[in-house]
Amino acid sequence: MAERVFVYVDHYQGEEVGASWEALTAARMIGESLKSEVTALVIGDGVRSLAEAAIQHGAKDAILRESPELKEFRPEPYADVVSQVLKEAGAAVLVLPTTGRTRELAALVGVDLETGVVTDAIAVEMDGEAVVVTRPIYAGKLLSKEVCREKRPQILLVRTRAFERPEPDAGRSGTIEVGVAALEAAATEIVGYKAAEGGVSLTDAAVIVSGGRGVSNNSRLTPPAEITDEKEQEVWRAQQGFELIRQLAEALGAAVGASRAAVDAGYVPYAYQVGQTGKVVSPDLYIACGISGAIQHLAGMRTSKTIVAINRDAEAPIFKLARFGVVGDLYDVVPALTSALKERLGK
Amino acid sequence: MNIVVCVKQTPDTAAAVAVENGKVTWGDAPLVLNPWDEFAVEQALRTKEAHGGTVTAISLGPDGAREALKQALAMGCDSAVLLQDTAFDGADTLVVAKALASAICKMESVDLVFFGRTSVDSDTGLTPAQAARYLTWPSLTLVAAVLGLDPSAKTIEVERMLEEGRQIVRSPLPAVVSVVKEIGEPRYPSFMGIRKASKAEIPTWSAADIGLTGPTAALTWPAVEAPPKVESRCEMITGDTPEAIAAALADRLVEEKVL
């Protein structure tokens, strides 16, 4: 049993994170080489259904550790449990999906077990019993191969949308091993939550519509008289433009993104930023509106499957990366595209 | 408050990085203080301004890392330390986190350690949490706002930015905090600050100085390469009216099964 492969099932307050099943795909690929089936590791309180879901998605069996202390995710007690289980099982590999939680969790477990943690895996290949991971560095400007040869388990976080997400098979069943989590009281206390800014999550999105500095570039729009400050007028114009982007996104079930220039200019909050100092995304379709394509932005979205660029400047670097380009005013093209796509998608 | 801020030197984000003879190069592009760390320095300085104390910047790296430390000093940090040793060659996040934690232990009675959320070069985002684990202090990552800090009760309350929303966490001090951009715009160094930084003596601590004997990395990097070149194959969509352009584009997206 020395070569057991584990997948960690991430959840937000008991709600499954679908990228966990993508991590399961990577774990099964590795498991095939190591002649090991994959065990799902599920931790929380009242999360047995996630262990069942993991088996339905392709895990052979599951280890479930529940405790009221584990109701809220806190990295320290979760890491205590994960480290303990992996140590007892003599785990060879642990694969996790990538979220803010799992990155922190994997970091702590790496320290506990004195082993290497590789983040943002986009491909895996085997070299004997070692998993050689390909991951982007410099926000995707380069690809690095990384490997943990001696220490076990090998811990890797896979980037969302880099591996297939399997369909569940309700007919599958497997053993769920329930155990007691030995826990020390955590030092931190979760006081509460505030809801997200809304809309589709950028890193998860299959389609993203993004706006840049060019979104404010419309002199035909007259701001209300009470806005006299030039900067505020610019932001007001940008907000009208982002409303058009939001409508296109809504028609496509897409997430809304933005370039750093648009965020820095105060058009939209930072949570929207795509790029080297924002979110790195990899959707099926990325529609860039009024984004010229600074290298930092391109680094954050270059792995998108299909890129559409709409820009007034035919020389904008974004067109070099785009599959389809429109030289034109986004204020004209975006609303027209929204209606055209609604029609074709039968909405 | 004894405050520490951990920083790294990285190539500028506008740099065109490439691979030459298996090594990463960035041409003439300047090396800068990792952009995320600027926010950490800013928050460290604001904490000092509100509660008193000192801010020490630490970096692990080659001689060039002194420049990142000087930038932190110019912004207003009180002192800086460079961790440098051949034992750190080929360091992974485990080695870096262990060295930073050991240096922080050596400083004694540190209350709060700030990090940027990640570095723009290797971009793992692991080091803050790993340093916290070595220190056995709470790890508070992805912090967008410090809601409260009570130096006498030794508690901190922060707002963390998760994918699903904001989480508010209360923690005892000492603690390790990694910050995101929303924490607030970093200040520019003042003229006086730049002068002070240019004259500053930055001590170097070796692995032995911080009580480490040959920490070994778990990870190796067998190869680094440029991503496959994307041939420019942009198909320009044209038309007489925005509606005609939109219709043609929509048709192509459907034909190519993008939608």
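How many bridges join strand E13 of chain A to E11(B), and in which direction do the two strands run? I shall begin with that point, after one remark on the source of the coordinates. This is a predicted model. The model scores ipTM 0.94 and pTM 0.90. For chain B, the mean pLDDT is 95, and 100% of the residues reach 70 or more.

To answer the opening question: six bridges join strand E13, residues 189-195 of chain A, to E11(B), and the strands run antiparallel. Within this pairing, A:Ala195 stands opposite B:Gly165 in E11(B).

Let me now turn to the interface as a whole. There, 68 residues of chain B are in contact with 69 residues of chain A. Several elements of chain B give two or more residues to this side, including helix H1 (35-51), helix H3 (93-107), strand E9 (139-150), strand E11 (165-172) and H6. H6(B) gives the most, with nine residues. By residue type, the side of chain B that touches chain A divides into 39 nonpolar, 13 polar and 16 charged residues.

After H6(B) comes B:Lys257, with a positive phi near 60 degrees.

I move next to chain A. Its secondary structure comprises nine helices and 18 strands. The radius of gyration of chain A is 23 Å, close to the 20 Å that the globule rule gives for 347 residues, so the chain is as compact as a globular protein of that length. Along the principal axes, its C-alpha atoms fill a box of roughly 70 × 45 × 40 Å. Of the 347 residues in chain A, 57% are buried. Among contacts in chain A with a separation of 6 or more, 65% are between residues 24 or more positions apart.

Finally, consider helix H1 of chain A, residues 19-34. From first C-alpha to last, this helix of 16 residues reaches 23 Å, close to the expected 22 Å. Twelve of the 16 residues are buried, so H1(A) is largely enclosed by the rest of the structure. Among the buried residues are A:Trp21, A:Glu22, A:Arg28 and A:Ile30. H1(A) is followed by A:Lys35, whose phi is positive, near 55 degrees.

How values were computed:
Residues numbered from 1 in each chain as written. Chains lettered and ligands numbered in written order. Predicted model: local features only at pLDDT ≥ 70, side-chain atom pairs only at ≥ 80, totals over all residues. pLDDT = per-residue confidence, 0-100. Helix = DSSP H or I, 4+ residues; strand = E, 2+ residues; numbered from the N terminus. Expected span 1.5 Å × (residues − 1). Buried ≥ 20, exposed ≤ 12 C-beta atoms within 10 Å, placed from the backbone. Rg over C-alpha atoms; globule rule 2.2 N^0.38 Å. Contact = placed C-beta atoms within 7 Å. Nonpolar A, V, L, I, M, F, W, Y, C, P; charged D, E, K, R; others polar. Pairing = 2+ DSSP bridges.
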